[in-house]
Amino acid sequence: MFPKVKKNIDSTYFTNALKITLAAAIPVLLFSFLGNFQIGFTIALGAILVYPSDIPSNLKHKINGILVTILIVSGVNLLINLVYPYSWLFYPFLTVLLFFLSMISVYGQRATMVSFSALLTISLAFAHLQIGWDRVQYSGLLLLGGIFYLLISVVFFYIRPHRYAELQIAECIKLTSKYLKLRGDLWELNSDRKAITEKQLNLQVQLNTIHENIREVLIRNRTDSGSSNQNRKMLLVFISLVEIMELAIATSFDHNKLHQKFDAHPRVLKTYQNLAYNLAKSLKKVSESIEDGEKYISEHNLITDLHDLELAITNYENDLGKDNASEGVLMLTNMLHYAEKQVEINKTLERAFTTAVKSQDLKGKDKDLEKFITPQYYPIRTLIENFSFSSTVFRHSLRLTITILIGFIIGKILPFQNAYWIVLTIVVIMRQGYGLTKQRTFQRIFGTILGGFIAFGILSFVHDSTIIGGLAIIAMLFGFSFTPTNYKIGATFVTIYVIFIYGILTPNIEDVIQYRVLDTLVGAVLSFLANYFLWPSWEFVKIPVYLEKSIEANRNYLKQISLFYNKKGEVPTSYRLARKHAFIEVGNLMASFQRMLQEPKSKQNKLAQVYKLTVLNHTLLSSAASLGTYIQSHKTSAASEAFNVVVDKVIKNLKDAITILKEDGIEPKANTINEDLSKRFIELNKIRAKELKEENAIDEDAFQLKMQEAQLVIEQLIWLTNLSENIVKTTRVLIKTENELQ
């Protein structure tokens, strides 16, 4: 129990919640002591409104982002108060302001959070409308609250400047460990491989997100403040984690074939599975040591596990005889080499936590790192390009603007006590996707009702304002802490906090609870209906875009692999960038498919084809990565003309699939490569046969290396060709079905 509590307290979410709780509570307590609660409350509100924009980043971007938000929050509040008395001007102005503030989210995550802060400001402005010079004073106090929050955030940054990156690294290691554990689960004889594969795909989506977060923090910090031992250590660990994942995705085994071949020799597969589990456990142990702030001590001897696997392979060969066991030994040797590489990378990762990391330890892997992060610039062209119904952000902005206006008008016409809470609920709940909006709607309603009952029950017995204030601070801390990870619990605590504040300010607390629940229900229902009926962003509409990007990224990655195989030498930055983009775009496609599953059945058009294409793209990425990883880690022979012809055919197939998606089903022009392709596979097989015949001409080790290269390259080329052809066929079916539905 205590370790779990300690872990939650040490988390980034709790730290962020502590920052905003201090920034909000200190002004209230200070000015209440001085006899002016209202000033303290307004300053606290300014801190709360600025808080969402404080996303993880380097110090420079953190300060700039929060400062911009402070100016927008105070400025928006002042404008609303100035324009509100003039109805003829107010409603057109509010419409334009809402739409513009929603549209700025096209600039990425930070802009999205700034937009959210600004929309919250508009919602709460209606709760505290001012007149005369009070407008300027009130906006000034909001600005002061934002600055106070900025100071606290900067102080926290300097207290533990690396903690966020460390916790993100720990989470990344934990997710990678889970992925490797699932790979071990695949070796169970009657395992549900489809279910395990789906879990792996889900983990890859999470890993893509966390990889981007880590790149943003580590690489920007390195660019701005130079390379420290701590930064080098985390960078080495992160690069090792990316390599572990790439190697895991690149090395796929035909488990059905392996079980058929080795079920009579279970010790071989069991030994390998045990190694896979211990590798996952060692990573989990590293993750726990980072979270607990303790020195890492290895509990698993992976070298011994490797020796056990080698011994199991030797025993297998002795039992069957060298000739009969040759194919099986080759398959097992490939598995052993994969395990050796993973153990080697794991040792590099472990060393980062036991010894000082020097620049040379990175071995040039940190070259051109700044190219791996998204540039921070905000051209007006991006905004203009999104002024179209084809833009998801444009449609969401229009939908959100109309829904807020409807909610505001309903609150004005009907006898609602706190009409602004309807608008606030809409801002908090509505998201671009139907699935997330639906999920948040029910969680918000549940949290509001449960929080209302709990708060009312406590207020029925507790009447001391000091105790209620203390409970409100605790509820606020827990509310902000749980909201990012468990919105239902977070909404419950936030409701309790708000009702406690009203319990201090007003005697008719029953009316407050009643109207708060009613306002939340109205806002939630409006959000739900708007996402369903007002230009909804159904995933089946966006799937072709994600498909096109993932196929294009895979095509570019395969091009880079082919270039590298032909030229040899050092792995270029263009290769690493193409690999990164391929992983990200395939991950985005998988995330889109997951969102599609959350939508109504009637909107899950072409689900079977979408799922098949998602799996095909992921499998093609795995196969390409397998080829690329082998070429990087082995001294390979010169690329033959046959290799280039086959790769060109695969690239051509992927280009054809993109053409079908872009041209809405128009068939691409035929290519003469098809006629020559079967000859090329025959040629590749002849090369392998020739090497077999020359077995006596080279020593055993060299022969085995050539055999491995020939087998892997030929198998991957055949597999890549089949996958690319299936992608073309399935894409054709997908577009044809879409046209028939229209």
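Buried means under 20% relative accessible area, exposed means over 50%, and partly exposed covers what lies in between (1.4 Å probe, protein chains only). With that in hand, Ser-287 is buried at a relative accessible area of 1%. The model is predicted, so local features need pLDDT of at least 70 and side-chain atom pairs count only at pLDDT 80 or more, while totals for chains, interfaces and linings use all residues. Residues are numbered from 1 along each chain as its sequence is written, and side-chain values use heavy atoms, with hydrogens and water left out.

**Around Ser-287**
- Ser-287 sits in helix 12 (residues 266-292); helices are DSSP runs of H or I with at least four residues, numbered from the N terminus.
- Beyond its neighbours within four places in sequence, Ser-287 is in contact (heavy atoms within 4.5 Å) with Ala-170, Ile-173 and Lys-174.
- From C-alpha to C-alpha, Ser-287 and Ile-169 are 7.8 Å apart, yet 118 residues apart in sequence.

**Aromatic rings**
- Rings of Phe, Tyr and Trp (its six-membered ring) pair if their centres lie within 6.5 Å, with planes under 30 degrees apart stacked, over 60 edge-to-face and the rest tilted.
- This rule gives 19 aromatic pairs.
- Phe-482 and Phe-493 are stacked, because their ring centres are 6.1 Å apart and their planes at 10 degrees.
- Phe-482 belongs to helix 19 (residues 465-482) and Phe-493 to helix 20 (residues 487-505), so the pair ties together parts 11 residues apart in sequence.
- Phe-482 is partly exposed at 28% relative accessibility, and Phe-493 is partly exposed at 24%.
- One aromatic cluster is formed by Tyr-84, Phe-90, Tyr-91, Phe-126 and Phe-408.

Key: Helix = DSSP H or I, 4+ residues; strand = E, 2+ residues; numbered from the N terminus.
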